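Please keep the structure open while reading.

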Amino acid sequence: MQFHHHGYVSGDPRVLPASDTGTERPADLPDRTDVLIVGSGPAGMLLAAQMSQFPQVTTRIIERRDGRLVRGQADGIQPRSVETFQAFGFAERIVAEAYNIAYMNFWGPDPEHPENIVRTARTEDYALQISEFPHLIVNQARVLDYFAEAAAYGPGRIEPDYGVEFLGLTVGEGEYPVAVRVRHVAGPRAGEERTIHAKYVAGCDGARSGVREAIGRVHVGGVSLHAWGVMDVLVETDFPDWRTKCAINSSAGNILHIPREGGYLSRMYIDLGAVAEDDAHRVRQTPLDEVIRRANEILHPYTVEVKEVAWHSVYEVGHRVTDGFDDVDAGERRHPRVFLTGDACHTHSAKAGQGMNVSMQDGFNLGWKLGHVLTGLADPDLLATYAAERRPVAQQLIDFDREWSALMARKPEEISDPGELATYYLATAEFPSGFMTQYGPSAIVGGAEHQHLAGGFPLGKRFQSATVSLVADGNAVHLGHHAKADGRWRVYAFADAAAPGVPSALADWAAWAGSEEGFVARHTPAGADVDAVFDVKVVYQQAHEDVDVARVPALFRPRSGPLGLVDWEKVFAAAPSAWNRVDIFDERALSRDGVVVVVRPDQYVAAVLPLTATDELAAFFAGALRPASAAR
């Protein structure tokens, strides 16, 4: 963590200095705002945390509840989400309080006594095999707390306006074209209705989204004729795998069992069986006692005695994707003003552990784009890429969840291979981990002509970190962990073989990039710090002790902040050392002739280019960003 560069800090360094709208934030919801976020779920709170990094933009978030969420429905945190938490500054703290999934065990009928269940397989969890981040279980309410902290501690000082209900909206003309009707349902203004005018609205208001209805979007899909009961419970049990994630299949039905944080709490998804076509959701009235009875029937010969139920529900599996993720219809020639995120635009079962995770990535994708457009860094055309990128991801999620749910709901006689579910679980690991998302070519994802120069950083996929040595002190650090969710682009220059101070392709590239003709000067607003828009780093092939910082190009030693202090954390070395056992050039298949990797503010690889391709790099950024003279 870097701090003190704006002066000595004696308090919590996570609390950034307030600026712009954060210094004069009205306590009451104003009549006008640049961005209005409706709903404080995972997508909404991440979006608020991201917008707090753009304090020039007025952002408000409304929530019908009168305070923070107490009991969250979602609890599965995939490695991609933990990677995202790291960018927002709280991964280590949430990992410490979460349940870490190390194994998933599988149970099925005992061949000799089919009325009983026996363990049929143990599998290591996929997370740490494909990421440095774990697969966690933690209450959604705590995830929201951490994002709320990030939003409140950011320069924009964003906090939810609780007790405000969304009623409807219309999109018109003018600077603040979205008229949003709201009602205060708590506090001294309870009952009062008013209209808020916004430049943009993000509908993060769940599966029954009022924002979705207001813009005429509809969920496409249906509900399967199968019901599940779910409960978070504290129990007394003789089931030996109570603190291990399990998929349990028996003649009486199925259970997905997931231990929760804290060492005692666990969640159980209990199969309630097929639902008649004319049920009309009556299954949702299934008593809790019946759900517990079913759980014991499935677990036989083991039993659970429920001591306390923290939360429970009954639901039918639904698989739906909204027909549009913004308010622009096909053929319309205008920029979107209203966006849908999370459950407002995709719903599915909870058993694949994807809902909260995919929703947060919706918010991450949208947030920096709104920030760039509203601060003048990018044209409004950028906003059309939100729906273009996120809707295919939602469809992939629905397809995956439909298959996983069907496998989970099978009866024993429908299973020919007892190891099939375990095999599927491991074979599809990249998707549920959140690492399979790959955005196609666009103004913010370049072409693949030079992909061979950086095989380990596929275009359109998230930047997969690897360890390097920080030249300033020799410590081994994860290169990607230096990338914070601050709205900046990352540009990684992987050097050719020459050391600093020796003529090289890297030296020529740095001289161009740092000149008046380079992309930094072209797109950085006048008066802003030199690294306000681009965080440019270099990785040399040498060992850290063989890199002379004094001879490194000035581009990688920028002076920023009111004191003009040199940033010592932009120069890295790849050769293995006492603390770093890997070489990122080998780990990520990087060309020894050097390569430039551009990464978007939401951590997705945007361009891969040779060091000599300065014209191509300039053209890429010209398509993604406005020139500085046009920025606000």
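**Charged and aromatic side-chain pairs**

Arg 490 and Asp 535 form a salt bridge in which the closest N and O atoms are 3.1 Å apart. This pair joins distant parts of the chain, with Arg 490 in strand β21 and Asp 535 in strand β22, 45 residues apart. Both Arg 490 and Asp 535 are buried. The model is predicted. The structure holds 46 salt bridges, and a search of the whole structure finds 28 aromatic pairs.

**Salt bridges**

- Arg 490 and Asp 535 belong to a network of salt bridges that also links Asp 486, Arg 488, Asp 531, Lys 537, Asp 567 and Lys 570.
- Arg 183 forms a salt bridge with Glu 165, and the closest N and O atoms of this pair are 2.8 Å apart.
- Arg 183 has a relative accessibility of 25%, so Arg 183 counts as partly exposed.
- Arg 189 forms a salt bridge with Glu 192, where the closest N and O atoms are 2.9 Å apart.
- Arg 189 counts as partly exposed because its relative accessibility is 26%.
- Glu 192, at 31% relative accessibility, also counts as partly exposed.

**Aromatic pairs**

- Tyr 200 and Phe 339 form a tilted aromatic pair, with 6.4 Å from centre to centre and 35° between the planes.
- Tyr 200 is in strand β11 (residues 193–203) and Phe 339 is in strand β17 (residues 338–340), so their pair ties together parts that are 139 residues apart in sequence.
- Both Tyr 200 and Phe 339 are buried.
- The ring centres of Trp 489 and Phe 620 are 6.0 Å apart and the planes stand at 80°, so this pair is edge-to-face.
- Trp 489 is in strand β21 (residues 489–494) and Phe 620 is in helix α15 (residues 614–624), so their pair ties together parts that are 131 residues apart in sequence.
- Both Trp 489 and Phe 620 are buried.
- Trp 489 and Phe 620 are also members of a cluster linked by ring pairs, together with Trp 368, Trp 509, Trp 512, Phe 519, Phe 534, Phe 556 and Phe 621.

**Charges over rings**

- The charged end of Arg 337 sits over the ring of Tyr 200, at 4.8 Å from the ring centre.
- The charged end of Arg 462 sits over the ring of Phe 435, at 3.6 Å from the ring centre.

**Helix α15**

- Which residues of α15 are buried? They are Thr 614, Leu 617, Phe 620, Phe 621 and Ala 624.
- Seen down the axis of α15, these buried residues fall within an arc of 125°, so they line one face of the helix.
- The cover over the buried residues of α15 includes strands β21, β22 (534–540), β26 (595–599) and β27 (605–609).
- Helices α12 (505–513) and α13 (519–523) are also among the elements that cover the buried residues of α15.

Definitions and conventions:
Residues numbered from 1 in each chain as written. Predicted model: local features only at pLDDT ≥ 70, side-chain atom pairs only at ≥ 80, totals over all residues. Heavy atoms only, no water. Phe/Tyr/Trp six-rings, centres within 6.5 Å; stacked < 30°, edge-to-face > 60°. Helix = DSSP H or I, 4+ residues; strand = E, 2+ residues; numbered from the N terminus. Buried < 20%, exposed > 50% of the residue type's maximum accessible area, 1.4 Å probe, protein only. Lys NZ or Arg CZ within 6 Å of the ring centre and 35° of its normal. Arc of directions from axis to C-beta. Contact = heavy atoms within 4.5 Å. Salt bridge = Lys/Arg side-chain N within 4 Å of Asp/Glu carboxyl O.
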